[in-house]
Amino acid sequence: MRFSLNSETSGTKKENAAILDELEMITEEKFSNCFQCAKCSAGCPASEYMDLYPHQVILMAKLGLFERIFESKSIWICTCCFACGSRCPQDLDPARIMEGFRLIALRKTESRPEVYPFKGEIPRQAYVAHYRKNFK
Amino acid sequence: MRIGVFICWCGSNIAGTVDVESLSEKAKFLPDVYYSEDVKYMCSEIGQESIKKAIKEQKLERVVIGSCSPRMHEETFQEVLKDSGLNPYYVEIANLREQCSWVHDEGEETTQKAFELVEKAVAKIRFAKPLTTETLPVTKRALVVGGGIAGIQSALDIAEAGYEVDLVENTPSLGGRMAQLDKTFPTLDCSACILTPKMVEASSHPNIRLLTYAEIEDVSGFVGNFDIKIRQKAKSIDHDKCTGCGDCTEKCPAKIDNEFEEDKEIRKAVYTPFPQAVPNKPVIDRDNCRYFQKGKCKVCQKVCPAEAVDYEQEDEIIEERYGGVILATGFDQLKPEGWEEFGYGAHPDVITSLELERMFNSSGPTGGKVVCPSTGREPKRVVFIQCVGSRDKNKGNAYCSKVCCLYTAKHTLLLKEKLPDTESFVFYIDIRTAGKSYEEFYERARSTGAKYLKGHVSKVETDGKELLVRSYDNSIGEQIEVEADLVVLASAIKAKGTTEGLAQMFGATGDKDGFLSEAHPKLKPVETQTAGVFLAGACQGPNDIPDTVGQAGAAASKIIGLFNRGEVESLPTTAEVDASICSGCLKCEPVCPVGAISSEQIEEKVPGGVVTRQVAGVNNALCRGCGACTAACRNGAMNLKGYTHRELLAEVDNL
């Protein structure tokens with residue numbers, strides 16, 4: 001596989017900047033702090049079911065590769081156990097970032113049904129995430 | 001003769017593989033040995049006391065110590081003997097650590113080898129003669145070679161201590177590499193703002209004589225009294241008359257690549273290197289001057305209102321005696337021309353970090369604007385490639401250039417400031433931020449938006465117009481390509497080509513990469529193998545400004561200490577001629593690297609009268625004890641004190 005960084009993926013592109021702003025508002029996490037030590041992925045109990053590891057999700061968000069994040073299963077597999085956040089040396093909370101992606105995905109469900117893999121019901125994590133939104 | 005043998009355990013360093021107790025017992029039976037013992041740490045105060053006690057009680061006359069390398073503790077033990085009233089050269093060290101215990105496994109053979117090393121040392125010390133040193137006065141004037149921040153700082157420190165300093169700089173101005181920088185990490189101070197006051201202070205300090213546009217021509221002498229010839233290159237401008245108005249520079253028709261701007265701008269043949277130059281008066285670069293090359297022009301002379309232009313000026317040789325020297329000759333940056341993978345030289349938008357540095361600077365070639373050189377437009381996506389020629393055994397250097405991680409972080413920050421909408425991507429192998437506040441600075445660069453991607457760049461592809469940077473991202477685990485407008489190479493810091501020849505004159509040695517070697521990597525970081533010659537800054541290895549200034553201060557304090565002491569002890573282990581067997585062939589004279597040997601006339605009584613004949617004579621003040629003459633002498637008349645033929649043969653016989 002190969003990915004490309006160009007004017008489409010640019011973080012300064014309006015659309016991408018808007019997603020990142022929304023994410024940072026929802027999660028209250030500063031993505032740029034991540035230095036890719038991958039400790040989150042190393043300790044994630046659900047990682048074996050994921051197609052993108054938590055540290056990859058964060059890097060892709062920084063690079064503006066949002067399409068691939070929304071297409072991935074990972075954001076729905078994360079159970080919000082917070083093992084990642086309890087260990088992150090940069091004091092980030094990747095689980096909250098996963099939640100942020102789920103919330104944005106759900107908000108977009110009508111216009112982009114392909115990102116919503118659960119027919120007929122909203123997944124549990126989304127409810128939990130909703131209540132946890134301003135808990136930090 | 002009563003010899004004492006002392007075997008050191010060196011903790012477990014020696015005792016771990018050598019049976020020190022049986023060794024000590026066995027040593028008692030060696031000829032003339034009256035006493036032996038083993039001590040856990042011989043260099044400790046307790047160990048030293050036990051030697052002193054044994055010397056006193058056993059009436060020892062000579063001492064053999066089985067311990068670490070004499071390089072480490074020979075002086076320590078010489079002091080012990082001195083304190084006990086013996087000649088300090090009556091101690092001989094058997095190197096049981098580096099030459100035995102560290103390189104062999106535990107076993108009988110190892111202990112046997114250790115015994116033979118002790119046996120050899122005992123054999124040698126039996127023939128030792130007492131040696132004495134003379135004290136010689138120190139010339140309290142220092143020489144600093146190199147006018148960058150390292151040289152400036154050390155010159156200022158010595159001058160402030162009240163001693164006179166000559167500061168020699170090869171180019172027409174002080175400043176060095178630091179003058180080329182726009183801002184400095186991790187505080188983003190403007191480089192010129194913190195450097196220029198120091199340049200001015202150095203040039204106006206009453207104790208500093210500034211010699212710009214000058215080179216070291218020849219070095220002789222030794223610590224305390226180096227006789228040095230300095231070539232003051234002809235400036236072709238009388239600096240006493242010149243007012244620095246700049247009319248000559250303006251009118252000069254020659255156009256030459258400006259090295260201060262990394263060849264990205266032109267300069268004239270009569271020039272001052274940069275606006276804040278010290279001294280701020282021009283010189284004529286004769287190699288590129290139309291008058292000197294073609295015999296016609298003289299425009300500068302015509303326009304000079306002060307009549308300061310002097311084509312007849314000649315190089316001048318300044319001879320001076322110095323007590324100590326600091327080498328602070330700096331570094332060069334690698335230009336990866338011809339390296340196909342990065343496209344440097346092939347595409348104008350691939351530049352080195354120093355070229356970008358000049359672009360940031362408001363007096364630089366673009367007036368402080370960051371643009372793509374090919375179009376003059378602002379870049380939208382800038383790719384920084386780290387470790388270009390560093391940590392690269394294939395084409396570059398095996399070592400880490402130390403400063404690139406931080407200056408790249410600085411560049412991303414400055415870029416964000418100048419062009420907020422421009423994205424920066426940094427490809428790296430590892431990020432190394434060893435230094436106070438450096439990790440925080442890297443964090444600041446990340447949080448300001450620089451995107452760090454772990455993986456080296458395989459190729460910068462170009463169709464002549466566009467640039468496509470190909471790499472592999474270790475986090476995502478996929479190949480990655482970035483469409484870039486500008487590619488900046490964090491190119492390696494390398495040793496200056498001219499440093500080696502200069503260092504040789506001073507007897508300093510270079511390492512495998514061409515940087516100058518310190519006498520000990522940990523305990524003598526600013527000393528060279530030559531006494532009285534010290535190092536500061538990036539001539540010793542890649543270095544940042546804080547460490548360079550630290551080294552400069554350290555080197556200066558060594559010089560100040562030397563001058564405060566006011567005298568040096570001469571080397572006792574110099575060559576000595578046995579005139580009775582010297583045939584006067586003087587084969588030794590040309591092999592002497594310091595010119596210490598010359599012919600002497602002696603009078604000899606022969607049957608029937610007295611004849612005068614030629615023999616070799618050694619100047620003990622100049623001799624450094626290298627021993628070349630002893631090997632060249634056909635008669636064996638030449639001996640090195642402390643290492644005489646008799647002593648060395650005794651060692652060989654016992655191996």
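In the predicted model, strands S11, S12 and S17 of chain B form an open sheet of 3 strands in the order S11-S12-S17, with antiparallel pairing. Strand S11 (214–222) and strand S17 (316–322) of chain B stand at the edges with a single partner strand each, so one side of each has no neighbour in the sheet. From one strand to the next, the twist averages 20 degrees. The antiparallel pairing of strand S12 (residues 225–232) of chain B with S17(B) extends over 7 bridges, and Ile228(B) is placed opposite Glu320(B) of S17(B). Helix H14 (residues 499–506) of chain B lies across S11 and S12 of chain B, at about 30 degrees to S11(B).

Between the chains, 24 residues of chain B contact 24 residues of chain A. The two chains bury about 2100 Å² between them, with 50% of this area on carbon and sulfur atoms. The interface contains 14 residue pairs in polar contact (both at pLDDT 80 or more). It also contains 2 salt bridges; Arg68(A) and Glu478(B) meet through their side chains in a salt bridge with an N to O distance of 2.5 Å. On the side of chain B that touches chain A, at least two residues each are supplied by strand S22 (423–428), helix H13 (438–447), strand S23 (451–454), strand S25 (467–473) and strand S26 (478–484). The largest share, 6 residues, comes from S26(B). By class, this side of chain B comprises 8 nonpolar, 4 polar and 12 charged residues.

Strand pairing also links the chains: strand S1 (residues 2–5) of chain A runs parallel to S26(B), joined by 4 bridges. Within this pairing, Ser4(A) stands opposite Glu481(B).

Key. Residues numbered from 1 in each chain as written. Chains lettered and ligands numbered in written order. Predicted model: local features only at pLDDT ≥ 70, side-chain atom pairs only at ≥ 80, totals over all residues. Heavy atoms only, no water. Pairing = 2+ DSSP bridges. Axes fitted to C-alpha atoms, helices over the stretch in contact; angles between N-to-C directions. Contact = heavy atoms within 4.5 Å. Buried area = accessible area lost by both parts, 1.4 Å probe. Salt bridge = Lys/Arg side-chain N within 4 Å of Asp/Glu carboxyl O. Polar contact = N/O pair within 3.5 Å; in protein donor to acceptor, adjacent residues only side chain to side chain. Nonpolar A, V, L, I, M, F, W, Y, C, P; charged D, E, K, R; others polar.
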